[in-house]
Amino acid sequence: MANKRIACWMSEKKIQKINWIEFENTCKQYGFGLFKLDLNKSLESQGTFCVLLHKLTDIIASADQGDPKCANLIRRVENFITANPSLVVLDPIPNVRQLLNRYISYRKINSTNLYKYGIFIPNFCELKSSNLHELGNQLKNAGVTYPFICKPSLGHGSKQAHEMSIIFNEKGLIDCKTPCVAQSFINHNAVLYKIFIVGDRHHFVERPSLKNFQASNEETIHFDSSDVSKAGSKNSLTVLDPHERVVKMKPDADVLRRIAVTLRESFGMDLLGVDVVIENFTGYDGFPDFFDTLVDCINNKVNAKYDNKLDRLGDKFIDQIAQEKIDS
């Protein structure tokens, strides 16, 4: 296969977080060339490539919110993908769009069979009204209980996407910034597990999370989720109260595998990150050999697409031979 170039687009901030030289060397080991795609130039002018590896989530979100510049960028990328059907895209833009809205992605996860394995999403609903009485009824009908987390419906595209609140009582409903997703808070002893999914492999790491809370007369707590749950975070919201004694348990590897396999298939994506908490047991940082795993995933997808193309050419050739025999 002559054309084995990977076009990669990430924000400059994300590029600085990864070891580009190591990534480039890993690509070379698999026979791939790697280059940074420039969205400000025509994609056609940057040479042929067989893989588009991107982190366009925030640009897609801004485009869908009406930003004309971002909309034009995404339109050009989508037109290029359509014009090059053999291009391997990680991940397809329509599939990435499923993750932009928290309510839509939660509903999609709820439609899977994970519940059969005791895996569930805490009760949730989308709040759009500014009428407190209506909000209370919506919460009740959806089985959302206090305390609950109030999350912006849009999960990407701005700093505001990470600004959340913990609502402890009916009085706190006035703090809901609609449109938002309200989700029952599940006590999980200030620990979450982030699953990184790369193709058919996955890896998980432990991260700090919110401490345990109960319904009370407490005032609403506002926080930035990116500050609370990042690696090495030191935040008062992640420190358990002194009276709480916790026996630390490790997550079940089979359960995490089930989550990874199911969500990869459901969303039709090869690069996913999922947060998992274990109820009341009283950018791919931490993924070992990430670049090798990523490029191996890319290589498998390129080979699969190339093999399918050869199969189609073979079928066409056989049909031609058969037709010639019939004609003769």
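In the predicted model, D91 is placed in the loop between β4 (88-90) and α5 (93-97). The peptide bond that leads from L90 into D91 is cis, with omega near -5 degrees. A cis peptide bond also joins T178 and P179, where omega is about 0 degrees. P179 is located in the loop between β7 (163-167) and β8. Most peptide bonds are trans.

The loop between β8 (180-184) and β9 (191-198) contains H188, and N189 and A190 are found in that loop as well. H188 has a relative accessible area of 5% and is therefore buried, the cut-off for this class being under 20%. The side chain of H188 makes a polar contact with the side chain of S209, at 2.7 Å.

N189, although not a glycine, has a positive phi of about 60 degrees. A190 is likewise not a glycine and has a positive phi, of about 65 degrees. Most residues other than glycine have a negative phi. With a relative accessibility of 5%, N189 counts as buried; A190 is buried too, with a relative accessible area of 8%.

Methods. Residues numbered from 1 in each chain as written. Predicted model: local features only at pLDDT ≥ 70, side-chain atom pairs only at ≥ 80, totals over all residues. Heavy atoms only, no water. Helix = DSSP H or I, 4+ residues; strand = E, 2+ residues; numbered from the N terminus. Buried < 20%, exposed > 50% of the residue type's maximum accessible area, 1.4 Å probe, protein only. Polar contact = N/O pair within 3.5 Å; in protein donor to acceptor, adjacent residues only side chain to side chain.
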